[in-house]
Amino acid sequence: MLKSILLLFLTFLAVPATAQEVYRFGDDVYMAGDNVTLTGEGVDDVFVAGNTVVVSAPVGGSAHAGGRSVSISATVGQNLYAAGMNVNVAGSIGGDAQLIGDTVLVGEAVQGDLRVAAQRVEVNGAVGDSALIGAENILLTTQIAGDASFATDNITFGEGARIDGTLFLYSEDPDDIIVPASVISADRIERHSIDEFDARADANGGATLDRSRYGWGSWLVGKISSILILTAMATALAALAPVFLMALRSRTLETPVRALWMGFLSISALAGSLFLFAMTGIGLLLVPASIVLAVLLGIAGYVIGTYILGVGVLGVANRPLPETLAERAIAALVGAVAISVLALIPYIGWIATLAVAVTGAGALIIRWFAPGFHTEVR
């Protein structure tokens, strides 16, 4: 099995990186390569990945583009999703635009919402709805018809800049940011410290943390709820596959370093396969499967690692290995509490939590595939 996977990956690598692979299905286009350019007649949806990506053909549906340099010079009828080192939007967008990069330039109108995360952002095209932008430097020279939420320490407004809704400013020193009255009146500006931003909060409030709703009580309830959910998942796994989980537990407690190493390799392989699939053009269809498999392996590893941790803690306390369902539930609860406590340790807590999840994933891979190192090749 492992040899087959290795052969498959080597086959992907053999595809010339400079080639432009094109796959058409219906009215949709899938493209990948080094320098990728979409020209000619309009298409419905487009999925493009490469080093340099240029979309100069009209897109009636949505456009998905990723690369080092991404340029959208044609109109996009619906939504645009683009990520790259440099992202330049020179065509109008009929729906929403979600952009990620180091430098993002928006030169034409976005009819819907604009969402940007970057180092430097220039918005020179009108925004028909709201704008959510997080960047170190922001330049706004046009109109935003709805609300605007800016997380930045440096913002510049051009002569044509105007915000018709409410402006939510998040910054280290929000009072130091000067907003001209020609852009928006002072009574429609809400200034907040960057620490008050909360993506879970009501979007109509600019995603501002309502501290009156959060305290030790709420934190404790949330923590207990997460522990109980994790305990229930681990207990259910122990009840459905007790023999399988017992084998995982025994092997992992014997060689925890090997399980950690195999988990790291497996998750890294799934994540790295995204780029290999993208290089083949048609392999773009398999990218969602790689993402789903990586996420599922991580979740399974987290649950398995939690249970194994609980058994290990009970073993240190000289408790016998769990045999009944009640004992397995206790082991799951101990593991859930232990990993929650580990996560609270400053600086290293998240590393310990990640190690437990990766070790659990590695135990699963070892049990399923029994991979080995320094074995004879025949």
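Is F47 buried, exposed or partly exposed? Select F47 and you will find that, at 27% relative accessibility, it counts as partly exposed, where buried means under 20% relative accessible area, exposed over 50% and partly exposed in between, with a 1.4 Å probe and protein chains only.

Before going on, note that this is a predicted model, in which local features need pLDDT of at least 70 and side-chain atom pairs count only at pLDDT 80 or more, while totals for chains, interfaces and linings use all residues. Residues are numbered from 1 along each chain as its sequence is written, and side-chain values use heavy atoms, with hydrogens and water left out.

The structure holds two aromatic pairs, meaning rings of Phe, Tyr and Trp (its six-membered ring) with centres within 6.5 Å, where planes under 30 degrees apart count as stacked, over 60 as edge-to-face and the rest as tilted. The rings of Y30 and F47 have centres 5.0 Å apart and planes at 5°, so this pair is stacked. It links distant parts of the chain, with Y30 in strand β2 and F47 in strand β3, 17 residues apart; strands are DSSP runs (E, at least two residues) and helices likewise (H or I, at least four), numbered from the N terminus.

Now move to W261 and F264, whose ring centres lie 5.9 Å apart with planes at 20°, so they too are stacked. Both sit in helix α4 (residues 256-279), three residues apart, and are separated by about one helical turn.

Finally, select helix α6 (residues 325-343), which has 19 residues and whose buried residues include R328, A331 and S340.

Conventions. The expected span of a helix is 1.5 Å times one less than its number of residues.
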